[in-house]
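Dear colleague,

I am passing this structure on to you with some notes on what came out of it. Please look at the sequence and the coordinates first, and then read on.

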Amino acid sequence: MPAQDTFENKIPILDNHIHLDPRGQMEENIKRFAKAGGTHVVIVNKPYREGELLETKSYQKTFDLTLSMADKCRESCPEVGVYVVLGPYPVDLLRLTEKMSISDAKKVMCEGMELAKKYVVEGAAIAIGEIGRPHFQVEHDIIKCSNEILTFGMECAKDAGCPVVLHTESASEAVWRELAEMADSVKLPREKVIKHFAPPAVQETENFGLFPSILASKHSVKEAVARSDRFMMETDFLDDPARPGAVLGITTVPKVTKMLLQNELADEDKLIRIHKDNAEKLYGIEM
Ligand SMILES: [Zn+2]
């Protein structure tokens, strides 16, 4: 059987981290993903209307918008399995502290964690994320507060029995270790900590038992697949008309997967483990 047919018939292709935007071309993008061979996506909450959070001091509207965009994609493209991850975006802490005290800002974000947990428990979301801390240099009190909020988010995930999806600064060895110890402190299994935007750090000696979701550039994926099948792939697609091409395109994961198969860098079984078995085990879903 030609590789093309095999690919399209048998291998689930998951993009483990994309964003949609109410100003973007969300349904069109999901259709393009499907046409390229993609079968499943994880849609991660992001800030859409900053003013709204400051005004309502609640994540309710943001989360509901993410859920409704996911529903629209399910309706217009039923062949793609759509999953949702909800959580207070780490950089929101900076926006909130422009308008309120750091302790009030922390309260808003912790309530966001609890709301995300509720949606996971109800089955509307599969994980709490992306949560963590700003990816750029910030003042010490912001880091300290971010770590407290993150630890609380990890506790919520432990209670809900779901993973967290982490957004942090670039993952150095010290960062991986610190995040692993943070999970240990609230007894969230390290396995349930998904590091978004990860480099191909696929060995336990590199990732300290956390789960890498690797940015699907050809180079990174080739390196990862040569050494392991314990990782997922993502584009961090933004769907932001103001920042076209800011990250990887929506068809990247299917294209890279096809490239791996055609160049015999990974066989079908290995790709199924990466795209399906890992996600099913982590999120407790059936793809
Ligand atoms: Zn993201």
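What share of the contacts in the protein with a separation of 6 or more comes from residues 24 or more positions apart? The share is 70%, where a contact means heavy atoms within 4.5 Å.

Before the details, a word on the basis of these notes. This is a predicted model, in which local features need pLDDT of at least 70 and side-chain atom pairs count only at pLDDT 80 or more, while totals for chains, interfaces and linings use all residues. Residues are numbered from 1 along each chain as its sequence is written, and side-chain values use heavy atoms, with hydrogens and water left out.

**Overall picture**

The protein has 12 helices and 8 strands, both taken as DSSP runs numbered from the N terminus (H or I over at least four residues for helices, E over at least two for strands). Its radius of gyration is 18 Å, close to the 19 Å that the globule rule gives for 287 residues, so the protein is as compact as a globular protein of that length; the radius is taken over C-alpha atoms, and the rule is 2.2 Å times the number of residues to the power 0.38. Along the principal axes, the C-alpha atoms fill a box of roughly 65 × 40 × 35 Å.

Of the 287 residues, 55% count as buried, which is to say under 20% relative accessible area, with exposed meaning over 50% and partly exposed in between (1.4 Å probe, protein chains only). The protein exposes about 12500 Å², of which carbon and sulfur atoms supply 49%; these areas come from the Shrake-Rupley method with a 1.4 Å probe, and for residues only the protein chains shown count as cover. The mean positions of the 36 positive and 46 negative charges are 1 Å apart, where Lys and Arg count as positive and Asp and Glu as negative, without His and the chain ends, and where each charge is placed at NZ of Lys, CZ of Arg, CG of Asp or CD of Glu.

**Strands**

Strand β3 (residues 81–86) has 5 of its 6 residues buried, so it is largely enclosed by the rest of the structure. Strand β2 (residues 40–44) pairs with β3 in the parallel sense over 5 bridges, pairing being assigned if DSSP finds at least two bridges between two strands, and Val 42 stands opposite Tyr 83 in β3. Strand β4 (residues 127–132) also runs parallel to β3, joined to it by 2 bridges, and here Ala 127 in β4 is the bridge partner of Val 85.

Strand β4 also holds Glu 130, and the peptide bond from Gly 129 to Glu 130 is cis, with omega near -10°.

Strand β6 (residues 193–198) is mostly covered, with 5 of its 6 residues buried. Strand β5 (residues 164–167) pairs with β6 in the parallel sense over 3 bridges, and Lys 195 in β6 is the bridge partner of Leu 166.

**Around α11**

Asp 236, in the loop between β8 (232–234) and α11 (252–262), has phi near 60°, a positive value in a residue other than glycine, and it is buried, with a relative accessible area of 9%. Helix α11 is mostly covered, with 9 of its 11 residues buried, among them Val 253, Val 256, Met 259 and Leu 260.

Just after α11, Glu 264 takes a positive phi of about 55°. Glu 264 is found in the loop between α11 and α12 (268–283) and is exposed, with a relative accessible area of 73%. Ala 266 has its place in the loop between α11 and α12 too, but at 7% relative accessibility Ala 266 counts as buried. Leaving aside neighbours within four places in sequence, Ala 266 is in contact with Val 225, Leu 260, Leu 261 and Leu 271. Ala 266 and Asp 229 are 37 residues apart in sequence and 9.4 Å apart in space, C-alpha to C-alpha.

**Thr 97**

Thr 97 belongs to helix α5 (residues 92–97) and is partly exposed, with a relative accessible area of 24%. Not counting residues up to four places away in sequence, Thr 97 touches Ile 102, Ala 105 and Ile 142. Thr 97 and Ile 142 are 45 residues apart in sequence, and 9.2 Å separate them in space, C-alpha to C-alpha.

With best regards
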